[in-house]
Amino acid sequence: MAFIRFATDRPSPLWVAKLHGFAAAAALALLIFGWANVEFPRAGVYGLLTLLVAAAGGLVMNLGYHWKHKPLPEWLVFAHMSVAFIGLVIVGVVTLSLAT
C-alpha cells in the first residue's frame, strides 16, 4: 500500500486498505485478549499502546482520506508505518523473551 502511495499519486484500492485494517484489528484484539488474561511485562504494555496509536493513525487515514477519495498525506503514511513497526518490534522482542 505504501508503494502504491509513494510510487504513484493514486490511492491504494479500498479493498486492500480494508483487508489490512481487518487483519490488524484482529491481531490487536488477540493481543488485548492476551494482555487481559496473561501477565504482560511493562514493555509488552508499551508495545500494545504503541500499536493502538498506530491503529488510531490508520483509522484517521481511512475515515479522513480514503472514504473522501483524497490522497493520503505522505507524512501520515510514514508516521503510521514507523509507529506500527516500532510497536511490532517491541511486541516481538517481548514475545521472544517470554518464550525462552
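Asn62 counts as buried because its relative accessibility is 16%, where buried means under 20% relative accessible area, exposed over 50% and partly exposed in between, with a 1.4 Å probe and protein chains only. The model is predicted, so that local features need pLDDT of at least 70 and side-chain atom pairs count only at pLDDT 80 or more, while totals for chains, interfaces and linings use all residues. Residues are numbered from 1 along each chain as its sequence is written, and side-chain values use heavy atoms, with hydrogens and water left out.

Asn62 lies in helix 3, helices being DSSP runs (H or I, at least four residues) numbered from the N terminus. Leaving aside residues up to four places away in sequence, Asn62 touches Leu14, Lys18 and Trp67, contact meaning heavy atoms within 4.5 Å. The other buried residues of helix 3 include Gly44, Gly47, Leu48, Leu51 and His66, and the buried residues of this helix pack against helix 2 and helix 4. The 25 residues of helix 3 should span 36 Å, which agrees with the 35 Å between its end C-alpha atoms; the expected span is 1.5 Å times one less than the number of residues.

Helix 2 (residues 14-37) packs against helix 3 at an angle of about 155°, with the axes 11 Å apart; axes are lines fitted to C-alpha atoms, for helices over the stretch in contact, and angles run from 0 to 180 degrees between N-to-C directions. That angle makes helix 2 roughly antiparallel to helix 3, a term for angles over 145 degrees. In the contact, residues of helix 2, among them Leu14, Lys18 and Trp35, meet residues of helix 3 that include Val45, Asn62 and His66. The residues of this contact divide into eleven nonpolar, two polar and one charged, where Ala, Val, Leu, Ile, Met, Phe, Trp, Tyr, Cys and Pro count as nonpolar, Asp, Glu, Lys and Arg as charged, and the others, Gly among them, as polar.

On the other pairing, helix 3 and helix 4 pack at an angle of about 155°, with their axes 8 Å apart, which makes helix 3 roughly antiparallel to helix 4. The contact of helix 3 with helix 4 has 17 nonpolar, seven polar and no charged residues.

The loop between helix 3 (42-66) and helix 4 (74-99) holds His69. His69 counts as exposed because its relative accessibility is 69%, and its phi is positive, at about 55°, although His69 is not a glycine.

Key. Helix = DSSP H or I, 4+ residues; strand = E, 2+ residues; numbered from the N terminus. Parallel < 35°, antiparallel > 145°, perpendicular 65-115°, else oblique.
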